[in-house]
Amino acid sequence: MKSGGKSFGKPPELHDWDLTPREAIAVQRTLREQIRTDLQIVNPRMIAGVDVAYDKPTGQSIATVALLEYPELRLAGSATVRMETPFPYVPGLLSFRELPPILQAFQKIETAVDLIFVDGHGQAHPRQMGIASHLGLWLRLPTIGIGKSRLCGAYEEPGPAKGDCSDLVYQNRLVGRVLRTRTGVRPIFVSVGYGLPLEDCIRWALAVTPRYRLPEPIRFADRLAGEAKKVK
DNA sequence: GCGACAG
DNA sequence: ATCTTGTCGC
């Protein structure tokens with residue numbers, strides 16, 4: 001089945017966000033079973049990138065959703081939210097810290113989105129429930145996890161050319177791929193977020209990464225969040 | 001017990 | 001994530 005672009009109202013809540021680390025882990029274990037990878041992206045028109053910046057002085061988080069037209073990859077809009085950081089940084093529990101602000105930002109988006117790139121892992125996570133998977137499940141939209149470094153799993157260094165990649169394996173399971181998006185630069189970690197099979201995630205990641213190490217949606221979101229932090 | 005550890 | 005300038009190289 002294919003996924004149609006849709007806008008954002010207030011999706012039915014899967015769980016509460018005010019949790020202890022222990023409870024958060026329990027939630028992840030139940031959510032992992034709900035991840036599906038049988039969707040397809042047909043003629044995507046709008047692709048989103050999300051990222052969160054942290055303002056040390058105030059302890060606040062700034063989340064930005066950047067909207068890019070596809071295949072032009074031009075910025076078509078964005079939404080930014082600034083709020084108190086709700087959860088400490090705990091490896092493996094990043095979504096409980098960054099999704100509250102990210103979801104707030106999405107509520108300000110009126111445009112239909114077909115695919116979302118997230119700055120963080122999806123299934124390349126100890127419980128296969130990284131922030132990309134959590135967001136996709138919450139919004140019921142296809143998401144792809146893009147990590148700049150490894151959280152878990154073993155892998156061989158991929159080849160030196162753009163497009164070269166290797167498997168990221170964790171507990172005997174293929175949880176993602178280490179992809180060289182540009183010759184001469186460190187590879188990125190691509191993993192299934194929600195909706196699409198890994199092969200499609202690699203394909204779409206390359207489709208929106210024409211020149212730099214990171215996908216354009218992520219780069220725009222990162223830049224916009226950084227600028228929003230300065231405005232303060 | 002020890003090392004690892006997205007952003 | 002953030003703290004931070006210039007600098008080497010394509």
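**Stop 1: around the DNA**

Select helix H2, residues 94–106, which gives the most to the surface near DNA strand B, with 3 residues. Here "near" means that a residue has a heavy atom within 4 Å of the strand. Helices (H or I, at least four residues) and strands (E, at least two) are DSSP runs, numbered from the N terminus.

A quick word before we go on: this is a predicted model, where local features need pLDDT of at least 70 and side-chain atom pairs count only at pLDDT 80 or more, while totals for chains, interfaces and linings use all residues. Residues are numbered from 1 along each chain as its sequence is written, chains are lettered from A and ligands numbered from 1 in the order in which they are written, and side-chain values use heavy atoms, with hydrogens and water left out.

Now show everything around DNA strand B. There are 18 residues, and Tyr89, Gly92, Leu94, Lys148 and Arg150 come nearest. Of the DNA strand B atoms within 4 Å of the protein, 53% belong to sugar and phosphate. Color that surface by residue type and you get 6 nonpolar, 6 polar and 6 charged. In this scheme Ala, Val, Leu, Ile, Met, Phe, Trp, Tyr, Cys and Pro are nonpolar, Asp, Glu, Lys and Arg are charged, and the others, Gly among them, are polar.

- Leucine 93: a backbone N or O atom sits 3.3 Å from a base nitrogen of DNA strand B.
- Lysine 148: a backbone N or O atom is 2.8 Å from a phosphate oxygen of DNA strand B.
- Serine 149: a polar side-chain atom is 3.1 Å from a phosphate oxygen of DNA strand B.

**Stop 2: glutamine 128**

Next, click on glutamine 128, in the loop between strand E4 (115–119) and helix H3 (131–139). Is glutamine 128 buried or exposed? It's buried, with a relative accessible area of 9%. The cut-offs are under 20% for buried, over 50% for exposed and partly exposed in between, using a 1.4 Å probe and protein chains only.

**Stop 3**

Select tyrosine 70 and proline 71: a cis peptide bond joins them, with omega about 10 degrees. Proline 71 is in the loop between strands E2 (60–69) and E3 (74–84).

Then try asparagine 43, which has a positive phi of about 45 degrees although it is not a glycine. Asparagine 43 is exposed, at 65% relative accessible area. Arginine 140 has a positive phi too, near 60 degrees, and counts as partly exposed at 40%.

**Stop 4: helix H5**

Finish at helix H5, residues 216–231. Its buried residues are Glu216, Pro217, Ile218, Phe220, Ala221, Leu224 and Ala225. What covers them includes E1, E2, E3, E4 and E5. Step past the end of H5 and you meet lysine 232, whose phi is positive, near 45 degrees.

Definitions and conventions: Polar contact = N/O pair within 3.5 Å; in protein donor to acceptor, adjacent residues only side chain to side chain. Expected span 1.5 Å × (residues − 1). Contact = heavy atoms within 4.5 Å.
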